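Thanks for coming, everyone. Please take a look at the structure on the screen, and I will walk you through it.

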Amino acid sequence: MLELNVPGKLFLAGEYAVTRAGSQALLAAVFPGVTSQITANETIAVTSNIIAGTWPADDHADWRFVAAAVRLMQDYATLHKAPTPPFSLTLTTQLAPNGDKLGYGSSSAVVVAVVKSLAQFWQLELDLLTQFKLAAVAHLYVQQNGSLGDVASSTFGGLIAYTKPDFAVPAELDARLVDQDWPDLAIQPIAWPADWDLLVFETHEQANTKKHQAKHYQADFEADFWTESDAIVTNLITAFQTQDYDAVTTELAFNQALLAGQLPDDYITDKLADVLDLLMDMEAAGKISGSGFGDNAFAIVENGKELPTLPGILTRRTALAPAQ
């Protein structure tokens with residue numbers, strides 16, 4: 001049996017800007033994530049602790065991400081004349097307990113887990129960029145929107161700077177797309193300082209990124225939003241590389257202010273507002289992660305520093321997934 005652990009993600013900066021091709025974001029891959037176990041089998045079967053039934057016997061909507069990833073992997077292996085023996089795959093995750101998503105990119109982590117498991121089981125010897133592209137095509141085909149930064153984070157692990165490619169939503173699951181050049185795509189691993197810890201504040205108020213993006217907030221951004229966001233991410237990359245905690249604190253505050261000034265008032269829920277107040281009081285680096293409107297926020301602290309707990313919010317010190 002082959003077992004893999006695939007992390008979830010946290011957007012640290014640039015999460016709205018990266019919805020446009022050529023813009024960049026900073027993401028951290030975090031545990032817990034998705035655990036996959038794969039063995040040889042007489043037929044293909046996939047089970048999950050958060051999706052009822054077994055795929056493909058129960059090929060309903062909740063299995064669409066898994067189905068897309070499996071079918072694309074089969075087509076890609078066939079395209080490259082590699083055998084695709086049947087298998088039994090089990091996917092276990094704590095990223096969406098009781099079906100309640102927490103903002104860690106559970107669907108993208110599941111797709112990446114399928115890709116990585118089959119790549120190893122079928123001995124395809126795929127590099128990380130190819131694994132990312134396979135998971136990205138499958139995920140984008142099903143979801144029909146998104147930056148794919150979450151897919152990159154779960155694929156590469158660690159801390160990455162990610163630039164969205166100029167890549168249209170695929171009309172079909174075409175394995176040939178994977179071997180094509182994707183203009184603007186860039187994924188840069190960045191070392192995480194050894195004495196910095198990452199804290200996550202879970203609000204357990206589910207945010208629906210797709211729903212909020214459907215309100216066309218992107219169209220309302222001022223013209224200089226994109227350049228300002230990219231400049232912040234660039235400065236953050238340098239700050240992490242030089243382990244300049246004060247600069248990280250400043251740039252994350254700039255990014256938070258930039259988003260708050262562009263998005264509707266309900267972007268910052270009451271619980272997220274409490275977290276931002278705490279970060280300011282404690283002079284700690286951090287901000288809202290991802291789309292806002294719920295889910296979570298994060299803090300970066302030095303030397304194991306503790307932060308006070310907040311009512312109704314689960315605070316936990318999370319493990320940064322190692323870079324692949």
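**A buried serine, and what surrounds it**

Let's start with Ser36, which is buried because its relative accessible area is 1%. Buried means under 20% relative accessible area, exposed means over 50%, and partly exposed lies in between, with a 1.4 Å probe and protein chains only. A word on the source: this is a predicted model, where local features need pLDDT of at least 70, side-chain atom pairs count only at pLDDT 80 or more, and totals for chains, interfaces and linings use all residues. Residues are numbered from 1 along each chain as its sequence is written, and side-chain values use heavy atoms, with hydrogens and water left out.

Where is Ser36 found? Ser36 is in strand β2, residues 24-40. Helices (H or I, at least four residues) and strands (E, at least two) are DSSP runs, numbered from the N terminus. What does Ser36 touch? Leaving out residues up to four places away in sequence, its contacts include Leu2, Leu89, Leu91 and Ser117. Contact means heavy atoms within 4.5 Å. The side chains of Ser36 and Ser117 are also joined by a polar contact of 2.7 Å. A polar contact is a pair of N or O atoms within 3.5 Å; within protein, one must be able to donate a hydrogen and the other to accept it, and residues adjacent in sequence count only if both atoms are side-chain atoms.

Stay in β2 for a moment. Pro32 is in this strand too. The peptide bond from Phe31 to Pro32 is cis, with omega near 5°. Another cis bond runs from Trp55 to Pro56, with omega near 10°. Pro56 sits in the loop between β4 and α1.

**Two cores**

Next, the nonpolar cores. A nonpolar core is a set of buried Ala, Val, Leu, Ile, Met, Phe, Trp, Tyr and Cys residues joined through side-chain atoms within 4.5 Å. The largest has 58 residues, and Met73, Leu91, Phe132 and Tyr162 touch the most other members. Which element gives the largest share of this core? Helix α1 does, with 10 residues. Met73 touches Val115, Leu118 and Trp122, among others, not counting residues up to four places away in sequence. A second, separate core has 50 residues, including Leu236 and Val248.

**Rings**

How many aromatic pairs does a search of the whole structure find? The search finds 12. Rings of Phe, Tyr and Trp (its six-membered ring) pair if their centres lie within 6.5 Å; planes under 30 degrees apart count as stacked, over 60 as edge-to-face and the rest as tilted. Phe132 and Trp182 are edge-to-face, at 6.1 Å centre to centre with 65° between the planes. They link distant parts of the chain, 50 residues apart: Phe132 is in helix α3, and Trp182 is in the loop between β6 and β7. Both Phe132 and Trp182 are buried. Trp196 and Tyr245 form an edge-to-face pair as well, 5.6 Å centre to centre and 80° between the planes. Trp196 lies in strand β8 and Tyr245 in helix α8, 49 residues apart.

**Helix α8**

That brings us to α8. This helix has 16 residues, 245-260, and reaches 23 Å from its first C-alpha to its last, close to the 22 Å expected at 1.5 Å a residue. The expected span is 1.5 Å times one less than the number of residues. Its buried residues include Tyr245, Val248, Leu252 and Leu259. What covers the buried residues of α8? The cover includes α7, α9, β9 and β10.

**Strands and turns**

Now β9. Of its 5 residues, 5 are buried, so β9 is largely enclosed by the rest of the structure. β9 pairs with β10 in the antiparallel sense over 5 bridges. Two strands pair if DSSP finds at least two bridges between them. Ile288 has Ala297 in β10 as its bridge partner.

Compare β3, residues 45-48, which pairs with β5 in the parallel sense over 4 bridges. β3 and β4 run antiparallel, joined by 2 bridges. They form a hairpin with 5 residues between them, and Gly53 in the turn has a positive phi of about 80°.

Most residues other than glycine have a negative phi, and most peptide bonds are trans. Lys81 is not a glycine, yet has a positive phi of about 60°. Is Lys81 buried or exposed? Lys81 is exposed, with a relative accessible area of 76%. Asp184 also has a positive phi, near 80°. Asp184 counts as partly exposed because its relative accessibility is 43%.
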